[in-house]
Amino acid sequence: MGQKVNPIAFRTGVTRGWTSRWYASKKDFADLLVEDRKLRQFITNHPKKTQYKNAGIDRIEIERTRDEVRVMMYVARPGLIIGKKGQEIEILQAELQNLIGRRINLKVEEVGRPELMAQLVAEDIAQQLSKRSSFRRTMKRSLETTMDAGAKGIKIQLAGRLGGAEMARREKQIAGSIPLSTLQAKIDYGTTEAVTPQGHIGIQVWINQGTYGDESDGADAQAGQASKKPKRSHKR
């Protein structure tokens, strides 16, 4: 079953939280769900601001209270969204308020290790493929970068007219372990499409960041080791 299902959806409500956190009556639920999708689509596919795609948006989390909607963006390069003296973020906040007609509280958080975020790795591969880079070399480089950053495992799968071939096919590369059926395994998943002259290439990325509740998992390995060293020297 773990092979067929989106790893994030598989773990949501068990070991992972929801990206939209609010409660609504049966009458209002559908409208608010559509609003959430509108907000996410507007930010990721902004009609005028192309720099948002280059900012590296990993995920967007939404919380609702009676008075306002809190939108939290987790971004690799927050400077592209905040702008000089916070001008860009104020413009985006006003646009989102006009879009849904509610008060928006917009916050931008920086992602510390973009190499361990599956969505950002997938988008990086898509950019390289769009520039006509060799797909095998691109996959290999992404595998090495992610494993060097401290991941326990990574799997990349491409599908489409790879290398400009006449017939579409799939290519897959794996490094480390990817236990998709283990709910305690912290598997991040990202997917996107690369636009090439020959057609679209689908990109899927799975990254094993360790175990939930494990301080020395892929994302916190170096931080955990750094915090342990001073304690040992202090005891001496």
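Modeller: Arg-21 and Glu-61 form a salt bridge, with their closest N and O atoms 2.9 Å apart, and this pair links distant parts of the chain, since Arg-21 is in strand β1 and Glu-61 in strand β2, 40 residues apart. This is a predicted model, in which local features need pLDDT of at least 70 and side-chain atom pairs count only at pLDDT 80 or more, while totals for chains, interfaces and linings use all residues. Residues are numbered from 1 along each chain as its sequence is written, and side-chain values use heavy atoms, with hydrogens and water left out.

Biologist: Why is the contact of Arg-21 with Glu-61 called a salt bridge?

Modeller: The term requires a side-chain nitrogen of Lys or Arg within 4 Å of a carboxyl oxygen of Asp or Glu; the closest N and O atoms of Arg-21 and Glu-61 are 2.9 Å apart, so the pair qualifies. A search of the whole structure finds 13 such bridges.

Biologist: What makes Glu-61 buried or exposed?

Modeller: Buried means under 20% relative accessible area, exposed over 50%, and partly exposed in between, computed with a 1.4 Å probe on protein chains only. Glu-61 has 11% and is therefore buried, whereas Arg-21, with 32%, is partly exposed.

Biologist: Which salt bridges does Arg-64 form with Glu-35 and Asp-36, and how do you know that they qualify?

Modeller: The closest N and O atoms are 3.1 Å apart for Glu-35 and Arg-64, and 2.7 Å apart for Arg-64 and Asp-36, so both pairs meet the definition. Arg-64 lies in strand β2 and Asp-36 in helix α2, so this pair ties together parts that are 28 residues apart in sequence. Relative accessibility is 12% for Glu-35, 14% for Arg-64 and 1% for Asp-36, and each of these residues therefore counts as buried.

Biologist: What makes β1 and β2 paired strands?

Modeller: Strands are DSSP runs of E with at least two residues, and helices are runs of H or I with at least four, numbered from the N terminus. Two strands pair if DSSP finds at least two bridges between them; two bridges join β1 to β2 (residues 57-64), so these parallel strands are paired. In β2, Ile-62 is the bridge partner of Ser-20.

Biologist: What is the strand order of the open sheet, and why are β1 and β4 its edges?

Modeller: The four strands have the order β1-β2-β3-β4, with mixed pairing. Strands β1 (20-21) and β4 (103-110) each have a single partner strand, so one side of each is left without a neighbour in the sheet. Helix α2 (residues 26-44) packs on this sheet, touching β1, β2, β3 (68-75) and β4, where contact means heavy atoms within 4.5 Å.

Biologist: Which element gives the largest share of the lining of the largest pocket?

Modeller: That share, 10 residues, comes from β7.

Key. Axes are lines fitted to C-alpha atoms, for helices over the stretch in contact, and angles run from 0 to 180 degrees between N-to-C directions.
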